[in-house]
Structures are given as structure tokens and as C-alpha cells.
Amino acid sequence: MGLPTSELSVVIVGDRSIRILNREYLGRDKATNVISFSMQEGEFGGVSPEVLGDVAISADTCAREAAEGDISFTARLCFLLLHGILHLAGYDHERSGEAEARRMEKKERELFAMLEGEGLTEFM
């Protein structure tokens, strides 16, 4: 993905906690599946180029989405983590228009297929 050796934090929370994060930082008062907080944006972005940021995933929402999609919890969790990391890498599907959303979706599919091929989406 063209990133230097990097690090990030991952936190798995429940719907209550992710709703608080979503409300406090994004102004959306509802639970969501994943939120990314970039350390490369804003006033102090780039101070530590090796730190991408934080990814918060709701295990509750992940479990519901896995059941609705008839996929394993692990596969859905891997996909949400990948989605969050892509946001930290600069991909955007919400604010940058259709072309960027398609580019992000294509990269998600490509990377998820690589993980599946290595058996990394079904480790539980």
C-alpha cells in the first residue's frame, strides 16, 4: 500500500462504547461497526510518521453483520479491521465521491482475498 513500516492501535468495544466515540468525535449519535482515528491528519499530523492511528471496532455490530451476511464473526472482524486500516492509509468512501469509493472497495476486495487465500480470515 506504499506505507512505511507502521503501527496502529486496535480496540474491540461494544455498541455502547463505539456509540460514545461516534457521537463525541464524529457527531453521529448511533453505534457503528468501525471508526478510524488517523494520527497523520490534523494540526499535528505527521509528527510520528510511523504511527498510523487507531481503529475501534464494535464486536456487537460485527456479530450482527456477520449473522446477517451469513459469514463468520472472524471474517467480518478481519474485513472491518482492513476497512479501518484503509481509512488510516488515506482511502475514503464517504467524502471523496464515487470514484474514490470504488477505488477503496476494489482495494478492500483485493486485500481481503489475499487474507482469505492465506487462511487468515478463519482463525477462530
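Leucine 52 lies in strand 3, where helices (H or I, at least four residues) and strands (E, at least two) are DSSP runs numbered from the N terminus. The structure is a predicted model, in which local features need pLDDT of at least 70 and side-chain atom pairs count only at pLDDT 80 or more, while totals for chains, interfaces and linings use all residues. Residues are numbered from 1 along each chain as its sequence is written, and side-chain values use heavy atoms, with hydrogens and water left out.

With a relative accessibility of 6%, leucine 52 counts as buried; buried means under 20% relative accessible area, exposed over 50%, and partly exposed in between (1.4 Å probe, protein chains only). Not counting residues up to four places away in sequence, leucine 52 touches Leu3, Ser6, Glu7, Leu8, Phe37, Ser38, Met39, Gln40 and Leu88, a contact being heavy atoms within 4.5 Å. From leucine 52 to phenylalanine 37 the C-alpha separation is 8.5 Å, and 15 residues separate the two in sequence.

Leucine 8, one of the residues touched by leucine 52, belongs to strand 1. Its relative accessibility is 31%, and leucine 8 therefore counts as partly exposed. Apart from neighbours within four places in sequence, leucine 8 is in contact with Leu52, Gly53, Val55, Ile85 and Leu88. Leucine 8 and glutamate 105 are 97 residues apart in sequence, and their C-alpha atoms are 21 Å apart in space.

For the protein chain as a whole, the secondary structure consists of four helices and three strands. Along the sequence these elements follow the pattern β-α-β-β-α-α-α. The radius of gyration is 15 Å, close to the 14 Å given by the globule rule for 124 residues, so the chain is as compact as a globular protein of that length. This radius is taken over C-alpha atoms, and the globule rule is 2.2 Å times the number of residues to the power 0.38. Taken along the principal axes, the C-alpha atoms fill a box of roughly 40 × 35 × 30 Å.

Of the 124 residues, 31% count as buried. Among contacts between residues at least 6 apart in sequence, 55% join residues at least 24 apart. The accessible surface comes to about 7,800 Å², and carbon and sulfur atoms account for 52% of this area. Accessible areas come from the Shrake-Rupley method with a 1.4 Å probe; for residues, only the protein chains shown count as cover.

Helix 3 (residues 73-88) has 16 residues and reaches 23 Å from its first C-alpha to its last, close to the 22 Å expected at 1.5 Å a residue. The expected span of a helix is 1.5 Å times one less than its number of residues. Twelve of the 16 residues of helix 3 are buried, so the helix is largely enclosed by the rest of the structure. The buried positions are Thr74, Ala75, Arg76, Leu77, Cys78, Leu80, Leu82, His83, Gly84, Leu86, His87 and Leu88. Packing partners of the buried residues in helix 3 are strand 1 (7-13), strand 2 (34-38), strand 3 (51-58), helix 2 (59-68) and helix 4 (97-117). Helix 3 is followed by glycine 90, which has a positive phi near 105°.

Arginine 76 is located in helix 3 and is buried, with a relative accessible area of 16%. Residues up to four places away in sequence aside, arginine 76 touches Asn33, Cys62, Glu65, Ala66 and Ile71. Glutamate 65 is placed in helix 2 and, at 21% relative accessibility, counts as partly exposed. Beyond its neighbours within four places in sequence, glutamate 65 is in contact with Asn33, Arg76 and Leu80. The C-alpha atoms of glutamate 65 and leucine 77 are 9.7 Å apart in space, and the two residues are twelve apart in sequence.

The loop between helix 2 and helix 3 contains aspartate 70. Phi of aspartate 70 is near 55°, a positive value in a residue other than glycine. At 71% relative accessibility, aspartate 70 counts as exposed.
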